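Please look over the sequence and the model displayed here before reading the report. Each heading takes up one part of the picture.

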Amino acid sequence: MTTPTTTPHPDTTPTTASHRMPAPQPRGPVSTTLLAALRSGTPDELDPGADGTEPLAPVAAALEAAGIDGPDATAVVLTEDVQLALLVMYELHYRGVDGVDDAWEWHPGLLALRARIERPFEAALRARVPQPECDATDAAGVAARLFRLAADDDSPSLSRYVARKADAAQARELIALRSIYQLKEADPHTWAIPRLSGVPKAALVEIQSDEYGGGHPGHMHHELYARTMRGMGLDDTYGAYLDAAPGVALVAVNAMSLVGLHRRLRGAIVGHLAAYEMTSSIPCRQYSNGLRRLGHGEDVTGYFDEHVEADAVHEQIAGRDLAGRLAEQEPTLRDDVLWGAALCLAVEGDVGAYAMERWQHGESALRAPLPPA
Ligand SMILES: [Fe+2]
Ligand SMILES: [Fe+2]
């Protein structure tokens with residue numbers, strides 16, 4: 001055993017401070033009432049409210065009025081308003097939200113409201129993403145099926161567009177848009193670690209160790225991403241561009257949190273990671289080429305250059321030792337492993353398709369164009 005020293009990692013790279021996500025601008029009655037309730041005090045002070053009303057009652061009423069329990073629930077749950085509310089609820093499990101007391105994280109009333117959103121959300125995702133068929137039950141066979149799923153993905157190629165055509169403003173939009181996940185890169189998949197055992201657990205830890213810099217704070221992938229942002233004149237504050245992110249981007253991040261936070265869905269978060277890794281290496285080379293074509297240097301391309309190498313290794317570990325072995329170890333999880341992979345390809349593909357569509361019409365892929373660098 002090595003003896004810990006007082007300076008275990010003399011890494012001099014500047015890293016971002018740990019802070020809460022700034023409270024976002026509400027996008028409708030559900031997110032308005034939720035943010036108002038969460039920011040009005042601690043649950044203890046408010047529960048039941050000083051005037052005898054339960055502080056979350058207006059949120060429940062807004063959800064009901066939106067139709068969360070009705071026949072169109074799977075459409076209601078995908079609106080920007082409800083997705084933003086869900087993202088705020090999930091954020092309490094990550095870094096927290098400015099002005100929101102930490103005790104809200106495990107408030108039973110809030111968890112009950114979240115479940116009311118999650119039920120139709122999972123149903124909407126299951127309807128959007130069909131269960132991939134698979135005959136294999138062994139690790140190698142399941143891994144091969146995952147690689148085929150990733151190879152067959154026919155979403156429009158955002159990375160090829162960035163490599164060849166994107167202009168400077170579109171490249172900045174893309175980096176801002178992706179930041180709502182990339183500044184917490186790897187965190188949703190980390191929830192799976194205590195829920196696995198044996199080979200799949202060791203494989204996930206091996207991947208996550210790279211994602212978190214292998215002990216070097218400045219090499220953490222979310223830190224490399226922050227560096228890219230700074231190099232492009234963007235604000236690297238955690239959550240800085242949440243208000244700019246369209247609903248489709250919120251769905252992609254919330255889908256990750258949903259399958260990450262529920263142990264029942266551990267197969268799906270593992271499959272999600274496998275697909276993410278399998279569709280990263282070549283696109284990252286294209287993003288890097290595109291950013292270089294636009295005149296950027298290593299400070300900006302470093303994040304993508306790192307992933308060209310790292311994810312070529314990660315996709316092998318994720319496919320065979322993590323996802324394949326988990327499906328072999330717990331056969332009842334196999335279908336969710338495959339579905340989680342298909343989910344990743346679908347929701348990430350939706351974000352790319354949305355951005356390309358907007359750009360083709362000469363519009364911003366964000367809710368409001370960014371101020372110039
Ligand atoms: Fe990464
Ligand atoms: Fe990776």
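The report below begins with the basis of the model and then turns to metal sites, a helix, aromatic rings and a loop.

## Basis of the model

This is a predicted model, in which local features need pLDDT of at least 70 and side-chain atom pairs count only at pLDDT 80 or more, while totals for chains, interfaces and linings use all residues. Residues are numbered from 1 along each chain as its sequence is written, chains are lettered from A and ligands numbered from 1 in the order in which they are written, and side-chain values use heavy atoms, with hydrogens and water left out.

## The first iron ion

The iron ion (ligand 1) is held by Glu-185 (OE), Glu-211 (OE), His-221 (ND1) and His-307 (NE2), at distances of 1.9 to 2.1 Å. Donors here are N, O and S atoms within 2.8 Å of the metal (3.2 Å for Na, K and Ca), and because water is not among the atoms, sites may look incomplete. The angles among the 4 donor atoms of the iron ion (ligand 1) run from 80 to 168°, and the site is irregular.

Along the chain, the donors of the iron ion (ligand 1) follow the spacing E-x25-E-x9-H-x85-H. His-221 belongs to helix α12 (residues 221–231) and His-307 to helix α16 (residues 298–329), so this pair ties together parts that are 86 residues apart in sequence. Helices (H or I, at least four residues) and strands (E, at least two) are DSSP runs, numbered from the N terminus. His-221 is buried, with a relative accessible area of 0%, and His-307 is buried as well, at 2%; buried means under 20% relative accessible area, exposed over 50%, and partly exposed in between (1.4 Å probe, protein chains only).

Glu-211 bridges the iron ion (ligand 2) and the iron ion (ligand 1), which lie 3.9 Å apart. Glu-211 in helix α11 (residues 198–211) and Asp-311 in helix α16 are 100 residues apart, and the pair links distant parts of the chain. Both Glu-211 and Asp-311 are buried.

## Helix α15

Helix α15 (residues 281–293) has 13 residues and reaches 19 Å from its first C-alpha to its last, close to the 18 Å expected at 1.5 Å a residue, where the expected span is 1.5 Å times one less than the number of residues. Within α15, Ser-281, Cys-284, Tyr-287, Ser-288, Gly-290 and Leu-291 are buried. The buried residues of α15 pack against α8 (158–164), α9, α14 (266–278) and α16, contact meaning heavy atoms within 4.5 Å. After α15 comes Gly-295, with a positive phi near 95°.

## Aromatic rings

The structure holds 6 aromatic pairs. Rings of Phe, Tyr and Trp (its six-membered ring) pair if their centres lie within 6.5 Å, and planes under 30 degrees apart count as stacked, over 60 as edge-to-face and the rest as tilted. The rings of Tyr-94 and Trp-191 have centres 5.6 Å apart and planes at 55°, so this pair is tilted. Tyr-94 is buried at 15% relative accessible area, whereas Trp-191 is partly exposed at 25%. Tyr-181 and Tyr-276 form an edge-to-face pair, 5.7 Å centre to centre with 65° between the planes, and it joins helix α9 to helix α14, 95 residues apart.

Tyr-225, Tyr-287, Tyr-303 and Phe-304 form one aromatic cluster. The charged end of Lys-184 sits over the ring of Tyr-94, 4.4 Å from its centre, a term used if NZ of Lys or CZ of Arg is within 6 Å of the ring centre and within 35 degrees of the ring normal.

## The loop between α9 and α10

Ala-186 lies in the loop between α9 (168–182) and α10 (187–190), and has a positive phi of about 85° although it is not a glycine. Most residues other than glycine have a negative phi. Leu-183 is found in the loop between α9 and α10, is buried at 5% relative accessible area, and touches residues including Arg-95, His-222 and Tyr-225.

Technical notes. Tetrahedral: all angles 85-135°; square planar, octahedral: opposite > 155°, others 65-115°. Lists of a residue's contacts leave out its neighbours within four places in sequence.
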